[in-house]
Amino acid sequence: FYKSLSRLAEGVLASDRKTILVLIAAVAVLTSFYLAKGDVLLGDAYVFQPATGILKDALSEGVPHHSFYWYGGSSHFEYYGQLYFGLAAAADFIFNNINLTIKILNWLLHIAAAVVVYLLVSELTSSKRASFIAALAYSVSYEHIARIMLHGRLTNSAIYFLVPLLILLIEKSVNGKIKTAATAAASASLTAAAIFLTNPGDGLFVLIPAAAYFGIRFVQLPQRRANIAKTAVLAGTLFLAMTSFWTVPFLLEKSAFNAGARIGELTSTGFMPELFREMVSFPGQRNISPAYYLGALQIIFAFYAAAQILKQKRGKALLALTFLAAITLILILLQSPRYMPVLVLAIAALAGTGSQLLAVKIKSAVKIATADRIFIIFAALIILDSAGSIIHPDYPDFSAEKRIIAEKIPTSAAGGFRSIDLHSDRRSFYPSLTYLATKTESV
């Protein structure tokens with residue numbers, strides 16, 4: 001049995017390319033629940049799916065347009081960007097099945113996110129074992145999965161891919177591994193803008209701790225501060241330019257629409273211990289929740305890594321990652337769970353590091369233990385600890401509701417026909433289902 005574990009690990013870790021291919025295969029299988037049958041309409045998805053459909057219809061007419069019927073009756077731009085919906089709409093020209101398209105897109109983004117986390121932790125630790133464990137932990141995190149599957153925040157599929165990509169680009173930039181400041185600034189600002197243009201609400205929250213990480217690395221590397229500062233100024237300028245149609249009016253006209261109150265709607269005014277309880281409660285909520293289970297084993301590994309990093313001062317980048325986790329956790333408990341993608345990333349990266357530091361201890365204490373055997377066991381335990389996140393029932397079936405709505409609206413009703421629903425508001429299922437069932441607008 002132990003020899004089999006060793007041979008398995010040797011095969012997985014033979015090269016970076018082979019490790020990444022095994023990671024892709026493992027995550028693809030573990031997250032195949034994305035492809036289950038049913039309608040992707042749980043939680044926020046009930047407005048995201050028709051938003052994708054409306055954008056596809058607009059693109060098919062040749063000229064994209066904005067409709068105030070997006071988001072079931074209110075201005076869509078006020079809340080969400082168009083990047084995710086643009087990707088989904090474009091993909092739907094291939095699959096011509098909006099449910100299938102969204103499922104495949106979310107599945108592929110989840111797999112791609114795992115690869116980016118592997119590359120990030122490899123940059124931080126140069127360890128294939130730590131990188132694989134971190135990427136696996138990030139992929140099976142219940143917070144990562146439930147936020148998309150149960151809460152229906154489909155845009156987070158893109159954000160969970162873009163956040164580790166942004167941190168990876170920051171790390172390569174501050175280490176001088178990107179040749180010029182202009183290239184570093186362009187790549188980082190493009191990724192930051194993509195986050196913001198996916199969802200400016202969630203984007204604003206995840207960009208704050210990312211900027212804090214950049215600031216920590218600036219302080220840690222005095223010999224590179226001039227280059228880092230130059231990159232930061234260029235990146236900030238490019239980011240504002242790429243998001244100017246939102247950010248400029250926001251900055252210049254914030255008093256006209258009470259920006260403080262709108263941001264206040266997304267944040268808390270006090271300490272929220274219930275969020276921490278949800279983060280550590282196995283196996284995690286099975287409905288819409290402000291926070292979801294992060295994984296006990298991931299947290300243990302991450303705490304062990306943080307303790308060793310602070311005690312032994314092991315690497316400036318890992319120290320910055322530890323500070324990032326602490327800062328983000330405090331922001332979540334005091335303000336909003338919208339910072340959660342950054343915390344999930346920091347915990348997963350620290351968990352990968354911690355698993356390898358702990359493996360060294362175990363190896364020295366247990367005669368039959370080897371680094372490869374411990375690696376396989378830890379990977380299996382990470383999956384087992386998050387079993388609740390990778391066992392999902394099918395999506396709900398809304399075909400009956402769509403059929404009822406379609407029967408009530410005459411098929412000949414075209415060219416400006418609108419149904420009136422006096423019992424629903426902008427967050428009701430019915431405007432969304434009306435559009436999906438009949439391609440007519442609901443007010």
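How many contacts beyond four places in sequence does the model have for residues 68–77, where pLDDT stays under 50? I looked this up before anything else. The count for residues 68–77 is 33.

I noted that this is a predicted model. The average pLDDT of the chain is 82, and 81% of the residues reach at least 70. I then went to residues 422–430, where pLDDT also stays under 50. For residues 422–430 I find 16 contacts beyond four places in sequence.

Next entry: helix α10. I checked the length of α10, which covers residues 200–220. Its 21 residues at 1.5 Å a residue should span 30 Å, and the end C-alpha atoms lie 30 Å apart, so the two values agree. At the start of α10 I looked at N199, which has a side-chain oxygen within 3.0 Å of the backbone nitrogen of G201.

Last entry: the pair α16 and α17. I took α16 as residues 316–334 and α17 as residues 340–365. I find them packed at an angle of about 140°, with axes 9 Å apart. Their crossing is left-handed. On the α16 side the contact involves L318, L321, T322, L324, A325, T328, L329 and I332. On the α17 side I list M340, V342, L343, A346, A349, L350 and T353. I sorted the residues of this contact by type: 12 are nonpolar, three are polar and none is charged.

Technical notes: Residues are numbered from 1 along each chain as its sequence is written. This is a predicted model: local features need pLDDT of at least 70, side-chain atom pairs count only at pLDDT 80 or more; totals for chains, interfaces and linings use all residues. Side-chain values use heavy atoms; hydrogens and water are left out. Axes are lines fitted to C-alpha atoms, for helices over the stretch in contact, and angles run from 0 to 180 degrees between N-to-C directions. Helices (H or I, at least four residues) and strands (E, at least two) are DSSP runs, numbered from the N terminus. A crossing is left-handed if the near helix is turned anticlockwise from the far one by less than a right angle, and right-handed if clockwise. Contact means heavy atoms within 4.5 Å. Ala, Val, Leu, Ile, Met, Phe, Trp, Tyr, Cys and Pro count as nonpolar, Asp, Glu, Lys and Arg as charged, and the others, Gly among them, as polar. The expected span of a helix is 1.5 Å times one less than its number of residues. A polar contact is a pair of N or O atoms within 3.5 Å; within protein, one must be able to donate a hydrogen and the other to accept it, and residues adjacent in sequence count only if both atoms are side-chain atoms. pLDDT is the predictor's confidence in each residue, from 0 to 100.
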